[in-house]
Amino acid sequence: MPEVLKAPLIVEFPFTRSLGPVQSAFLTGLRERTVLGVRTSAGKVLVPPVEYDPVTAEEIRDLVEVGATGTVTTWAWNHEPRPGQPLDTPFAWVLVELDGADTALLHALDAEGPDSVRTGMRVRVRWAAERTGTIKDIACFEPYDGEQQAQPRPHGGEFEDAVTGIVAPARLDYTYSPGRAQTGYINALAEQRAVGQRCPSCRKVYVPPRGACPTCGVATDEQVEVGPAGTVTTYCIVNIKAKNLDIEVPYVYAHIALDGADLALHGRIAGIPYDQVRMGLRVEPVWREGGRYPDHYRPTGEPDADYETYKELI
Amino acid sequence: MAAAGPLRDVAIVAFGQSDHTRTSDEHSEVEMLMPVLHDVLARTGLKTSDIGFTCSGSSDYLAGRAFSFTMALDGVGAWPPISESHVEMDGAWALYEAWVKILTGEVDTALVYSYGKSSPGPVRDVLTRQLDPYYVAPLWPDSVALAALQAQALIDAGETDEAALAGVAARSRESALANSHAQVRGARPQGDYLVRPLRTGDVPPVGDGAAAVILAAGDRARELCERPAWIRGMDHRIEAHSLGVRDLTDSPSARLAAEKAGAFQRPVDTAELHAPFSSQEVVLRKALRLGDEVTVNPSGGALAANPMMAAGLIRLGEAAARVQRGESDRALAHATSGPCLQQNLVAVLEGEAR
């Protein structure tokens, strides 16, 4: 059994999120070096503030300003910061109850080492030099000598040019493996061959194989060479030009049942005017120099297949 | 007034799991899952077409493979169309959905499965994507860091210390010697701090694996299994998502779920707790009122094997298997999801008097 294929896979999204009124006031406030909380009907001040009371679920809008200084309620020393975390040198994760707040905010504390951190220690916000209205406008916390500050003060939450949304980039790096069945398929394609797998129970041949027969729920391990030619079972005419795709529209995208396969695969049809493609058309793959998969399929010139021979594969 | 029992008698009649391994490159999800499905079907003699309802739990984020759960269905034999559902949660919650489906009387049997392949990705970072996207996820606080904050809170409160945590870790892996499927078997040194106060030993192994369970109602269960593990109650509860709002040293949601599941009506002899971090066992023992007379995690628990999305279902399966083998008469099974035990599910399983 040859080695399974592996390749780097990066999943990356810039998540664009709109903010509710409380979140908007809080994040805009951070931009203006002001920390806001929200008061629940029971009188508790929540920082960071939320739109709905976590206990009663009622809408809460009573904003207050709390201190930029506070007290650590728990901590954890992170000697190996990971990508995306607030500091790239060793730091402590902390939950900080800001002065005037009744709940704690999660962030990083820049401290010399674990021996300089303890629960109950006093800290203050270190503001980021450039602030845009995100939680990262707090660069981190830093140790602070002062006593607890005043009580929370009412705040209207009004700022000029309020932030109404955030864009949160997210990137995860994987090493992807498609498993045994698809590795066999991809390796064969690189040799300009198509292989499927036969179900030991119902004898159907799946191309591309995924390792299991969806009808019988058993492993398909017998490799079967199929094609190279096949029959168009159905098709559509594409009139929308896809981004970064160097193909002129209109073009035809088809389901093609390779000879010997019991499942149609997808492919582009070329070498024939788009409006002459039809069900039953016989086609064969066209490989580009060094290509690891067929670039497209073109007519073989054979007579069309009889409908009866492919109707079960549509 | 005593709480009423469930509307129908429903039992776990079969449980199967894969060997849990650090990597499983050679297998796609469905290739990893299929032997486990075949195992539970073989134990009951059921075929896919005999199953009334199928429910699964998984997350595409773990392996970065979009729609892996639809491809996993190929392993079930989903054609002609079966009655099927999926949760983007641990399989324990899929089991809950299947249980409710049977309670409605619509079906008498259900297949529940779940799987997780954490090896292709950075699971500590992947899990940050489930956090509050406005205030927390942009800071990328990884799963070990959040558990470490909880552990420190427990130490500050005098509920545990590093030596006690090491004891939990050692006992779990010692127990796993009797579990051939576990990934970490046998006690080992606690190692260095990963995120202080948690050491390598306090943290679950990262690995891949799958599990499956079959549920059946009433006489059907008795036909399929010599000693069914009857589900006497099951409930799940959640806490506020903001970590700074919660008391991290306690788990009111686990306690409430246990109460609603009837766990406190009579003592249990066994508990399978889904505590991926040693410190979380401390929280759960307190919340679930488990004394020293209760056998906790005889399977080794999540510290011995923690396939994401399956480790909770495995707790239900392991507890049921002990009832089936006659090693337990009344067991509590617990599953968790989210950071610092945010969501908790508790089930009470019983065997009939012998």
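A residue is called buried here if 20 or more other C-beta atoms lie within 10 Å of its own, exposed if 12 or fewer do, and partly exposed in between, with C-beta atoms placed from the backbone. Helices (H or I, at least four residues) and strands (E, at least two) are DSSP runs, numbered from the N terminus. The model is predicted, so local features need pLDDT of at least 70 and side-chain atom pairs count only at pLDDT 80 or more, while totals for chains, interfaces and linings use all residues. Residues are numbered from 1 along each chain as its sequence is written, and chains are lettered from A and ligands numbered from 1 in the order in which they are written.

By the burial cut-off, 13 of the 14 residues of H6(B) are buried, so the helix is largely enclosed by the rest of the structure. H6(B) runs over residues 143–156 and reaches 20 Å from its first C-alpha to its last, close to the 20 Å expected at 1.5 Å a residue (the expected span is 1.5 Å times one less than the number of residues). Just past the end of H6(B) sits Gly158(B), with a positive phi of about 75°.

H6(B) also packs against helix H10 (residues 278–287) of chain B, at an angle of about 55° and with the axes 9 Å apart. That angle makes H6(B) oblique to H10(B). Axes here are lines fitted to C-alpha atoms, for helices over the stretch in contact, and angles run from 0 to 180 degrees between N-to-C directions. Angles under 35 degrees count as roughly parallel, over 145 as roughly antiparallel, 65 to 115 as roughly perpendicular and the rest as oblique. The H6(B) side of this contact is Ala147(B), Gln150(B), Ala151(B) and Leu154(B), and these meet Ser279(B), Gln280(B) and Val282(B) of H10(B); two residues are in contact if their C-beta atoms, placed from the backbone, lie within 7 Å. Sorted by class, the contact of H6(B) with H10(B) has 4 nonpolar, 3 polar and no charged residues. In this scheme Ala, Val, Leu, Ile, Met, Phe, Trp, Tyr, Cys and Pro count as nonpolar, Asp, Glu, Lys and Arg as charged, and the others, Gly among them, as polar.

H10(B) has another partner in helix H7 (residues 162–175) of chain B: their axes come within 8 Å and cross at roughly 95°. H7(B) and H10(B) are therefore roughly perpendicular to each other. Here Leu165(B), Val168(B) and Ala169(B) of H7(B) meet Ser278(B), Ser279(B) and Glu281(B) of H10(B). That gives the contact of H7(B) with H10(B) 3 nonpolar, 2 polar and 1 charged residues.

Turning to the interface, 50 residues of chain B are in contact with 56 residues of chain A. On the chain B side, the elements giving two or more residues are helix H1 (29–44), helix H5 (123–126), H6 and strand E5 (193–195). H6(B) supplies the largest share of that side, 6 residues. The chain B side as a whole divides into 30 nonpolar, 10 polar and 10 charged residues.

Strand E5 of chain B includes Val195(B), which is buried, with 28 other C-beta atoms within 10 Å. Not counting residues up to four places away in sequence, Val195(B) touches Ala76(A), Trp77(A) and Asn78(A), along with Val144(B), Ala145(B) and Ala148(B). H1(B), for its part, has 16 residues and reaches 24 Å between its end C-alpha atoms, close to the 22 Å expected. The buried residues of H1(B) include Glu29(B), Glu31(B), Met34(B), Leu37(B) and Leu41(B). H1(B) is followed by Gly45(B), whose phi is positive, near 75°.

Elsewhere in chain B, helix H4 (residues 91–103) and helix H11 (residues 311–324) pack at an angle of about 60°, with their axes 6 Å apart. That makes H4(B) oblique to H11(B). Gly91(B), Ala92(B) and Leu95(B) of H4(B) make the contact with Gly312(B), Leu313(B) and Leu316(B) of H11(B). The residues of this contact divide into 4 nonpolar, 2 polar and no charged.

With 11 C-beta neighbours inside 10 Å, Ile314(A) counts as exposed. Leaving aside neighbours within four places in sequence, Ile314(A) is in contact with Thr233(A) and Thr234(A).
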